[in-house]
Amino acid sequence: MAEPKVNELMEKIVSLCKRRGFVYPSSEIYGGINGFWDYGPLGAELKRNVKELWWNRMTRMREDVVGLEATIIMHPRIWRASGHVDTFSDPMADCLLTRKRFRADQIEPQSGTAYHYTGAMDPASGKVSEEPYAVLLPPGKPPESARKLAIQFYQSRGLGPVELQGERPEKVEHSQRFNPDNGSLLTEPRPFNLMFKTYVGPVADEDNVAYLRPETAQAIFVQFKNVLETSRQKVPFGIAQMGKAFRNEVTPRNFTFRSREFEQMELEFFIKPDEVVEALCGRVAKPEAAGHPGEPRPDWGWQLWHQYWVEERIRFYESIGLPRTSLEEYWQKPEELAHYARATVDLLYKFPFGTQELEGIAARSDFDLSQHERVSGKAQGVFDEELRTAWGKLAPEVQQRLSESYFQHRRKYLLRAGAAEAEAEKEAREDAAGLAKGQYIPHVIEPSAGVDRLILALLAHAFTEVTSTDDKGRSETRVVMRFHPSVAPMKVGVFPLLKNKPELVAKAREVFEVLRGSMLAFYDDAGAIGRRYARQDEAGTPYCVTVDFDTLGETPELKDTVTVRRRDDGSQQRVPIGALRAHLLEAIR
Ligand code: GAP
């Protein structure tokens, strides 16, 4: 079968999501609301499974990570310290004619002839507009259509009949200055802050402004000291959080991929600065080969920790059914890195609309804790007795070298943060002197994933069309959602072979009751058995159990056994009811 076209595939996925109750447009009966999506019964289960698997793997299965559940609205100064108030913006441009808003950097570049106008005059009233305007036409299109649009534009500015003035054609290559839908000129791009603003308390004024969090990460940084003091963790250790984040995206798109309300799963893993590692271990181990570097060791510096988390995250995706081959690692180039980041790897998934980011894993240095220390005035560093002891035993030239390296790093940060030269010099010297006392500010590695993007990747990856032809040559194409059993919304469908045989129904209900406490099971007795299998295939249920006459003893040696059908190959196996629960639990792990 030919590969479906990209948009066709997305359309099929979106339509299946609606039809089967994975994802619905939010507020649909009121016409929907752009950038907001609801998860239906199957989607809610899928999402819950994904979040639970992430949480288990990132916190419960690890001794060095603990969890956090913070509020969505936090003190607004947090967003000043993090840089979101000043810099968390996208460039936006509006169509001068329709006022439709675009993300200026995402407009498809266009070429053609731009017709510029210096203004227009209304011959009836003598009114003049001197506002310049332009329309881009694709190559070969006559100027009349540009004039038509320009007349509409000047009429929208209050002129009646319009005489265009100063028409000037210009050849344009790869321009992002025009509305790709109608060719109209756009406004100059201007920054648009993506945070949703609200007010806390009854007075809606600037003093009470607060923001819906645009990421879950900042709560982790501001609770770092509390967690450190109450969890008995020592650096290196991590704090994980998942929850809602909100961004007023200029152009939400690609279904749930870029939404305005979404969920994140973030880990901030705090590590010792390389200078501290060297003081303690005498060396900083560096990556020697690609791939997973193995169990963490005390001599790891930030590079090995970063590599470790990239590989851990890829393993997580593999474990839930996204093979390594469906992912791409994109190492950001030095010029693309945020100023505080030492390295960032984007894990990309091959979505039907293009290969795009699923998760970012950033080595964020000590920027975040340092910022919160500066803005809140509360110390965010840690004290490490082992460092104090080890430092005292170092040769003076090693102390000098490590101290100088730490000083340079702190000075650079402080200057970037806006400190004056003398202040930066003084503070950085104090910070470097802190090493001898066992004090430092931890660095951080941040694997940050989006739940909704992962759900979309899982939906796209699972979506399979299977065509079968019956004896009469009639072919039928149906959808099978090949989810990994661990994420599949429902784990097993339980059917009596026939609905009108009370003994079969009673036995099937019995089997259903045995299973449903241990996994999400679905009882179905409606329609032909083939239809019931097909419905479960579309929901992505990995196993179906059928109670038939053999279960009741028609073939004595098969009494109290059921048929277990595998979704992916349709193969069937006879399993004793007594062993069924354990059999399925093993299969859906
Ligand atoms: N704390 C770092 C941070 O928030 P990010 O790259 O802006 O980094 C992390 O976001 C992840 O959150 C992304 O890789 C993506 O999966 C998800 N995400 C970001 N913006 C999103 C949006 N508008 N809609 C859905 N998911 C989004």
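User: How many bridges join strand 15 to strand 16, and which way do these strands run?

Analyst: Strands of a sheet pair through backbone hydrogen bonds, either parallel or antiparallel. Two strands count as paired if DSSP finds at least two bridges between them; strands themselves are DSSP runs (E, at least two residues), as helices are (H or I, at least four), numbered from the N terminus. In this predicted model, strand 15 (residues 237–246) and strand 16 (residues 261–271) run antiparallel and are joined by 10 bridges. For example, A240 has L267 in strand 16 as its bridge partner. Local features here need pLDDT of at least 70, and residues are numbered from 1 along each chain as its sequence is written.

User: What is the order of the strands in the open sheet?

Analyst: The order is 3-15-16-22-19-18-17, with mixed pairing among the 7 strands. Strand 3 (65–67) and strand 17 (327–331) are the edge strands, each pairing on one side only.

User: Why does the span of helix 9 agree with its number of residues?

Analyst: The expected span is 1.5 Å times one less than the number of residues. Helix 9 (residues 302–319) has 18 residues, so it should span 26 Å, and its end C-alpha atoms are 25 Å apart, which agrees.

User: Is helix 9 mostly covered or mostly uncovered?

Analyst: Buried means under 20% relative accessible area, exposed over 50%, and partly exposed in between (1.4 Å probe, protein chains only). Helix 9 is mostly covered, with 14 of its 18 residues buried. Just after helix 9, G321 takes a positive phi of about 100 degrees.

Technical notes: This is a predicted model: local features need pLDDT of at least 70, side-chain atom pairs count only at pLDDT 80 or more; totals for chains, interfaces and linings use all residues. Side-chain values use heavy atoms; hydrogens and water are left out.
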